[in-house]
Amino acid sequence: MSATAQQAEQKAVDPALFETVLELIRRTSTILPDDVVRAIETAHATEEKGSNADVALNIIGCNIGLAKDKSAPICQDTGTILFYIHTPVGYDQLALEEAATEAVREATRIGYLRQNSVDSLTGKNSGDNTGPGSPVFHFHQWRKPHVEIKVMLKGGGCENMNAQYSLPHPDLGGRDLAGVENAILDCVLQAQGQGCGPGILGVCIGGDRGTSYAFAKEQLLRLLDDTNTDPVLGDLEKRIVDKANRSGIGPMGFGGKTTLLACKIGVANRLPASFFVSIAYMCWAYRRRGVEIDAASGAAVGWLY
Amino acid sequence: MANYNLTTPLDEATVRSLNVGDTVSISGRLYTGRDAMHHRIHTGTKPPVDLAGHIIYHCGPVMVKEGDHWKCNAAGPTTSSREEPYQWEVMRDYGIRGVIGKGGMGPKTLDGCAKYGAVYLHAIGGAAQVCAQWIKRVDGVDWMDLGSPEAIWHLWVEDFMTIVTMDAHGKSLHKEIFEESKAKLLALKAS
């Protein structure tokens, strides 16, 4: 048993689960997923050599390699630590939450994560990334025998660029696909380079204000090169990326051809009175990974992304 | 567009000679400062270090204590626009010659750059490891009570690469790109 597992045992959390989640966090913070790396490389090839966009993407490419080699955070901003967890029926979710929380503390102590959880009234940093609402857990049951944990680190810079529109909107349009498209592109315009573009958008059409944002973020769990199962949404996704990349905003807002790497859109039912379009802007440092865990032993049986 | 290698502290004439698009590699002392630090200065507390001629780096690094010294594990720039209400005052009152950050800043800062002789230097957002490599030493820290990301870290850097995106001549790349992209997206608007 490793030293960290012994530490976990002393804190009375499942040592195997603790180690699995700690490794998941390390991988997520330090190794950018292949689909994201490929999208960045493809984008880089389109930029004019020697331009500021080229310089930015060069440094981004070096950074991805360095982080992996040094097993150090890709970005200093840990962001929001979001867990998306599926468990078999009857599985002890509380024990998993406790082990994952302890793994977050340990990952912070090691330096895979920055101390990133601040009391909203006093401004005091908890120092270990835990506290009311952090980390974030989304639990779901499923009828499969194993546990799946996906984790996403979403930086504050890009989180601040998220936007929610209520249609109809006087400048952007009505409750139709044109209105939705204009709303999403307005978000891209307002974000400029501030969300550490080239960005990736997760979008939800519909829902209430709260569920719409949550669902938009969940779209970011999709692979960048997948195809939307709904052809109407698939076309819209392509149109958004194409138009955004003709805006000239470019990487970091320096100007250039790559403003978005992808756009992933989902729909949720809405109330007759409401029509929300919610956009979760993700930075290029798109840290999301997953693991499949044997429910009985807590050991990793497969890594995702 | 030109390339410069500059060492802090900077003098006013050098800073005023820089133009949007120039590449500037900074060596020497950098002080980090972000939201809580700027707010504290704004509400009347004097900075604990002499900022004259220096550059404030908008950054909340990942620092790990090893024995009696600090090691910088990651240190890319944070979004600068949050300091828009305060930055010009720090230029006026404490003589900083520039800030390093990401995303650019607004009209108050642009006016401050022209009036007091300062520039906005854009680092590559998210590139925390590349930036950390340019940080050779961590020589100290102040205002740790604000929490590690918000504290004033005394960094020693070599060839920290930035691009001038707001200069002391009133020019802002961010303003230009916003206007251009707005016009382009308007032409592509769905109906």
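**View 1. The two domains of chain A sit with their centres 28 Å apart, taken over C-alpha atoms.** Domain 1 covers 3–30 + 74–155 + 287–304 and domain 2 covers 157–282, with bounds from an automatic or database domain assignment. This is a predicted model, where local features need pLDDT of at least 70, side-chain atom pairs count only at pLDDT 80 or more, and totals for chains, interfaces and linings use all residues. Residues are numbered from 1 along each chain as its sequence is written, chains are lettered from A, and side-chain values use heavy atoms, leaving out hydrogens and water.

**View 2. Here's where domain 1 of chain A meets domain 2 of chain A.** Nine residues of domain 1 touch 14 of domain 2 (contact: heavy atoms within 4.5 Å). Together the two domains bury about 1000 Å², 60% of it on carbon and sulfur atoms (buried area: accessible area, 1.4 Å probe, that two parts lose on being put together, summed over both). Tyr84(A), Lys154(A) and Arg288(A) supply 54% of what domain 1 buries against domain 2, more than any other three residues.

**View 3. One salt bridge turns up across this interface.** A salt bridge here means a side-chain nitrogen of Lys or Arg within 4 Å of a carboxyl oxygen of Asp or Glu. Zoom in on Glu159(A) and Lys154(A) and you'll find their side chains paired in a salt bridge at 2.8 Å, N to O.

**View 4. Strand 3 (147–154) of chain A is one of the strands on the domain 1 side.** Strand 1 (80–88) joins strand 3 in supplying at least two residues each, and strand 3 gives the most, with four (strands: DSSP runs of E, at least two residues, numbered from the N terminus).
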